[in-house]
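I opened a notebook page for this structure. The entries below follow the order in which I looked things up.

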Amino acid sequence: MPRFGPIKRKDLIHHLAKLGFEGPYPGGKHQFMVKGNLTLRLPNLHQSDIGKAL
């Protein structure tokens with residue numbers, strides 16, 4: 001499991017895939033990943049890391 005704090009989008013997707021999520025799939029404004037009936041929206045690509053608040 002990743003440490004809690006800012007994380008790169010690529011690393012977040014990698015860790016979610018290890019937890020059994022599939023994707024990312026294209027969506028309306030955001031991509032998303034799916035595990036069973038749980039859908040998780042991913043933040044858009046930016047220059048900085050994804051903050052702890054997410």
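What covers the buried residues of α1? I found that the cover includes β1 (22-25), β2 and β3 (38-41). I took buried to mean under 20% relative accessible area, exposed over 50%, and partly exposed in between, with a 1.4 Å probe and protein chains only. Helices (H or I, at least four residues) and strands (E, at least two) are DSSP runs, numbered from the N terminus.

**Entry: what I am reading**

I noted that this is a predicted model, in which local features need pLDDT of at least 70, side-chain atom pairs count only at pLDDT 80 or more, and totals for chains, interfaces and linings use all residues. Residues are numbered from 1 along each chain as its sequence is written, and side-chain values use heavy atoms, with hydrogens and water left out.

I looked up the confidence next. pLDDT is the predictor's confidence in each residue, from 0 to 100. The protein chain averages 84, and 87% of the residues score at least 70.

**Entry: the chain as a whole**

I listed 1 helix and 3 strands in the protein chain. Along the sequence they follow the pattern α-β-β-β. Buried residues make up 19% of the 54 residues. I then checked contacts, meaning heavy atoms within 4.5 Å. Of the contacts between residues at least 6 apart in sequence, 29% join residues at least 24 apart.

**Entry: the helix**

Which residues of α1 are buried? I wrote down Arg9, Leu12, Ile13 and Leu16. Seen down the axis of α1, these buried residues fall within an arc of 95°, so they line one face of the helix. The arc is that of the directions from the helix axis to the C-beta atoms. On the face of α1 turned away from its buried side I found the exposed residues Lys10 and Lys18. After α1 comes Gly20, whose phi is positive, near 105°.

Leaving aside neighbours within four places in sequence, Arg9 is in contact with Gln31, Leu42, Pro43, Asn44, Leu45 and Ile50.

Leu16 is buried at 9% relative accessibility. Not counting residues up to four places away in sequence, Leu16 touches Phe21, Met33, Leu40 and Leu42. The C-alpha atoms of Leu16 and Met33 are separated by 8.2 Å, and the two residues are 17 residues apart along the chain.

**Entry: the sheet**

In what order do the strands lie? I read the order β1-β2-β3 in an open sheet of 3 strands, with antiparallel pairing. β1 and β3 are the edge strands, each pairing on one side only. The twist averages 20° from one strand to the next; axes are lines fitted to C-alpha atoms, for helices over the stretch in contact, and angles run from 0 to 180 degrees between N-to-C directions.

Two strands pair if DSSP finds at least two bridges between them. β1 and β2 pair over 2 bridges, and they form a hairpin with 6 residues between them. Across this pairing, Glu22 stands opposite Val34 in β2, and Tyr25 stands opposite Phe32 in β2.

β2 and β3 are joined by 4 bridges and run antiparallel. Here Met33 stands opposite Leu40 in β3. The hairpin of β2 and β3 has 2 residues between the strands, and Gly36 in this hairpin takes a positive phi near 65°.

**Entry: aromatic rings**

How many aromatic pairs does a search of the whole structure find? I got 1. The rings of Tyr25 and Phe32 have their centres 5.8 Å apart and their planes at 50°, so the pair is tilted. Rings of Phe, Tyr and Trp (its six-membered ring) pair if their centres lie within 6.5 Å; planes under 30 degrees apart count as stacked, over 60 as edge-to-face and the rest as tilted. Tyr25 is partly exposed at 35% relative accessible area, and Phe32 is partly exposed at 24%.
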